Amino acid sequence: MIFKKRFFGRRFLGVLLSVSLVLAISATFALAQDKVKLTWSEWWDQEWGEETIDWITSSFEKKYPNVEVETIFAPHAQYMDKLLTLCQAGEAPDVMSMEVTWAANFDKLGVFEDLDPLISKAEPEFTSGHNPAWDSWWKGRLIMTYLYTMSYGIYYNVRMFEEKGIEPPTDWKQLRVALRKFYSPEEHQWGIALPVAMKSSAHFTLYNFWTRLIQAGGRMTNEEGLAVFNSDAGVRALEYWGSLLAEGLVYPGTVPGALAIGEKEMVEIFSAEQVPIQLTGPWIKGQSVERNPEMEGNIALTPPFKDVTSGYLITGSGASLSSQSEHPELAWEFLKHLLSDEVAFKMVKEESQFWANTKALESPSIKEDPVLQYLPKMIGDPASQPWSVLPQLGDLCNSLMKNAQEYFLGKKDAQTALDDAVEYWNKVIQEAR
Amino acid sequence: MSLLTEYKDRFELRGFLFIAPAIIFLLFVVIYPLFKVFEYSFQEYSPHHSFVFAGLKQYQTLFSDELFWISMKNTFIFTIGTIILDLGLSWGIALLLNVKWPNLKVRNFFRGALLLPFLFSAPASALLWGILYQPLGFLNYIIEQLSGSTISFLGDTRYALFSVLWVGVWKNFPLIMILILGGLQSIPKSIYEAARIDGASRVQRFWHITLPQMRSLMMTIIVIDFATTFIHFDLVWTMTKGGPLRSTYLISFFLYQRGMQAFKFGYASAIGVITMLIISICVATYIFIYSKRVEARA
């Protein structure tokens with residue numbers, strides 16, 4: 001009898017445990033099912049670290065306990081293809097990190113929610129930190145807004161400048177003088193490398209040509225959105241870089257050699273301290289320190305240059321909302337969270353990101369950071385120009401690069417090269433409309 | 001035997017059932033996409049996932065696009081150059097590895113070592129050769145020591161296409177070499193013995209025994225090499241993205257940029273159809289000529 005009781009007791013306990021386990025699993029599953037899933041596609045896991053991404057999503061989940069944010073990560077190089085596949089499959093993420101270079105193309109797929117009605121009705125807490133210059137418009141709709149913003153500027157190696165005993169340049173003439181001082185081919189040293197390989201056509205267009213064009217008093221596009229960079233200012237901009245190449249001041253000294261140099265090589269050469277100057281963005285710090293830890297604290301941005309104007313190109317990366325989202329209100333809340341003071345201050349302080357939040361840009365940590373300190377002035381300059389949304393930007397950049405290469409190789413003069421590029425740009429822009 | 005019984009014998013229903021999964025799989029992954037690409041090439045993509053009929057517009061635009069002809073010219077040079085070098089190099093090394101070596105271990109070591117490039121992924125190969133091709137890289141160091149000047153392998157329009165072509169050959173020749181070596185080793189030794197007794201020289205043995213015995217294998221290799229090289233993408237894209245001055249711009253770049261970057265899916269489909277037709281025509285012509293020659297010999 002005792003045996004039977006024990007046996008019954010064990011069996012009862014076993015059944016009880018199994019039932020409890022099944023109930024617990026079901027309850028967990030049911031709770032998980034109750035949570036609303038929000039998807040966010042991004043390419044920053046490696047740049048900012050997964051902890052930062054997790055912090056961004058979990059801080060939102062704390063505010064909205066019934067929401068679970070799922071990140072869809074792809075490295076920047078593969079991101080566009082992955083997002084295109086998702087959009088084509090009708091599974092566009094609720095919040096899509098976006099480049100202004102891709103925005104016009106994705107708009108063809110009809111995946112963007114117009115942000116204008118949302119931003120115009122947003123509460124003051126959001127609008128007080130939002131600058132309309134960070135919004136990207138295409139065909140009368142606001143299709144993306146910047147998460148972080150920046151300008152391309154001249155960065156330099158502080159130690160190498162100190163060793164040479166020269167001050168960082170403050171205008172384009174001084175830059176040429178500095179390049180001459182660093183010119184030492186026998187030691188395999190030059191002052192600067194340019195991204196003039198076809199593989200870096202976007203970098204040349206945006207960093208080198210567009211920045212120099214604005215400084216020379218020109219514009220890339222007019223009010224109607226058509227290309228007008230074949231102006232006198234455009235010719236000056238192209239001729240500036242062309243003259244540096246012709247003079248051999250650009251790594252590796254020969255024009256055909258320089259045509260093989262892309263952004264990757266530029267970063268390697270800068271990190272290896274083979275050239276002390278780069279025209280690029282603030283990410284150069286992270287890229288260089290990763291390759292050469294001794295570069296930590298050794299990179300600084302030069303004070304803003306002034307030629308005809310003191311303007312720079314305002315650029316950045318942003319986010320769009322999906323028109324296919326099942327939870328558009330929550331997606332908008334998440335976008336506001338990404339631009340909130342909480343996220344912005346953390347990103348400015350810990351990631352040195354120039355977050356698109358006016359309050360965060362006044363942060364003392366920016367003023368103390370040699371890589372960021374002049375950026376608010378550059379972006380805030382009335383002569384600075386925002387990067388306009390253009391269709392097939394990759395194709396347009398390739399066209400400009402090809403014509404610029406023909407000029408660098410002496411096959412065309414600068415005016416003809418720019419005229420040919422503008423003709424192609426306007427053909428593409430008008431077709432897209 | 002009635003006609004029906006004969007038909008039943010020849011087309012056993014059970015047989016069709018056995019191959020049905022494979023046929024269904026092929027229908028979904030090959031035939032259906034092929035049909036859709038063909039269909040899209042006569043359409044134009046508009047927002048919200050809809051295609052509208054556009055007749056021959058995509059083809060008209062394609063044939064009047066300068067970039068299409070540039071990419072076609074480069075692709076043919078790249079493909080034919082690759083096949084010639086692939087075969088030349090693979091044949092040379094396979095013949096060397098096929099002769100009697102004084103030490104078998106040394107031969108096996110070389111055979112293994114020569115396979116290494118094939119094991120590299122395309123981006124890794126591109127990165128490696130990108131470093132070697134650097135204006136101040138290892139190759140230029142040697143060239144400078146020998147000639148006093150340097151070459152811009154990837155920056156000079158005269159050398160860029162050959163430079164990227166060589167990387168493709170370097171990466172792919174081991175596979176062809178192994179196939180040729182396998183083919184060489186499967187030729188019965190007795191044929192060579194008989195020829196030697198009859199007084200045939202080394203060249204005659206190669207010309208009259210080795211080459212004819214290898215002919216069908218060579219046809220397979222050339223067809224596969226042609227079809228894969230014609231649509232080559234990753235290696236050259238990583239190294240030059242088509243530059244400088246579009247001297248390395250291939251048809252696959254054109255298709256990718258129009259389809260995946262400009263989202264002109266109808267136009268990209270037309271490029272895909274034309275590419276497929278060119279490959280099919282070239283391969284069919286080659287097989288036809290080969291078959292005729294075999295028939296003539298027979």
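Colleague: When α12(B) passes α13(B), is the crossing left-handed or right-handed?
Modeller: The model is a predicted one. In chain B, α12(B) passes α13(B), and the crossing is left-handed.

Colleague: How many residues of the contact of α12(B) with α13(B) are nonpolar?
Modeller: From α12(B), the residues I251(B), F254(B), L255(B), R258(B) and G259(B) take part, and they meet F265(B), Y267(B), A268(B), I271(B), G272(B) and T275(B) of α13(B). By class, one residue of this contact is charged, three are polar, and the number of nonpolar residues is seven.

Colleague: Which orientation does α4(B) have relative to α8(B)?
Modeller: Helix α4 of chain B (residues 66-98) and helix α8 of chain B (residues 160-185) have axes that come within 6 Å and cross at roughly 40°. An angle under 35 degrees would count as roughly parallel. The pair is therefore described otherwise, and α4(B) is to α8(B) oblique.

Colleague: How many nonpolar residues does the contact of α4(B) with α8(B) have?
Modeller: The crossing of α4(B) and α8(B) is right-handed. Its contact residues include one charged and eight polar, while the nonpolar ones number 18.

Colleague: What radius of gyration does chain B have?
Modeller: Chain B comprises 13 helices and two strands. Its C-alpha trace spans about 80 × 70 × 35 Å along the principal axes. For a compact globule of 298 residues the radius of gyration would be near 19 Å, whereas chain B has 24 Å.

Colleague: What distance separates the centres of domain 1 and domain 2 of chain B?
Modeller: Chain B is divided into domain 1, residues 14-55, and domain 2, residues 62-297. Taken over C-alpha atoms, the separation of the two centres is 31 Å.

Colleague: Which elements of chain B each supply at least two residues of the side of domain 1 that touches domain 2?
Modeller: Nine residues of domain 1 of chain B are in contact with eight residues of domain 2 of chain B. On the domain 1 side, the elements that each supply at least two residues are α2 (13-40) and β1 (43-46) of chain B.

Colleague: Which elements of chain A each supply at least two residues of the side of domain 1 that touches domain 2?
Modeller: Chain A is divided into domain 1 (37-150 + 315-386) and domain 2 (153-311 + 391-432). The centres of these domains of chain A are 27 Å apart over C-alpha atoms. In chain A, 20 residues of domain 1 are in contact with 22 residues of domain 2. On the domain 1 side, the elements that each supply at least two residues are α5 (100-107) and α18 (375-380) of chain A.

Terms used. Residues are numbered from 1 along each chain as its sequence is written. Chains are lettered from A and ligands numbered from 1 in the order in which they are written. This is a predicted model: local features need pLDDT of at least 70, side-chain atom pairs count only at pLDDT 80 or more; totals for chains, interfaces and linings use all residues. A crossing is left-handed if the near helix is turned anticlockwise from the far one by less than a right angle, and right-handed if clockwise. Helices (H or I, at least four residues) and strands (E, at least two) are DSSP runs, numbered from the N terminus. Two residues are in contact if their C-beta atoms, placed from the backbone, lie within 7 Å. Ala, Val, Leu, Ile, Met, Phe, Trp, Tyr, Cys and Pro count as nonpolar, Asp, Glu, Lys and Arg as charged, and the others, Gly among them, as polar. Domain bounds come from an automatic or database domain assignment. The radius of gyration is taken over C-alpha atoms; the globule rule is 2.2 Å times the number of residues to the power 0.38. Axes are lines fitted to C-alpha atoms, for helices over the stretch in contact, and angles run from 0 to 180 degrees between N-to-C directions. Angles under 35 degrees count as roughly parallel, over 145 as roughly antiparallel, 65 to 115 as roughly perpendicular and the rest as oblique.
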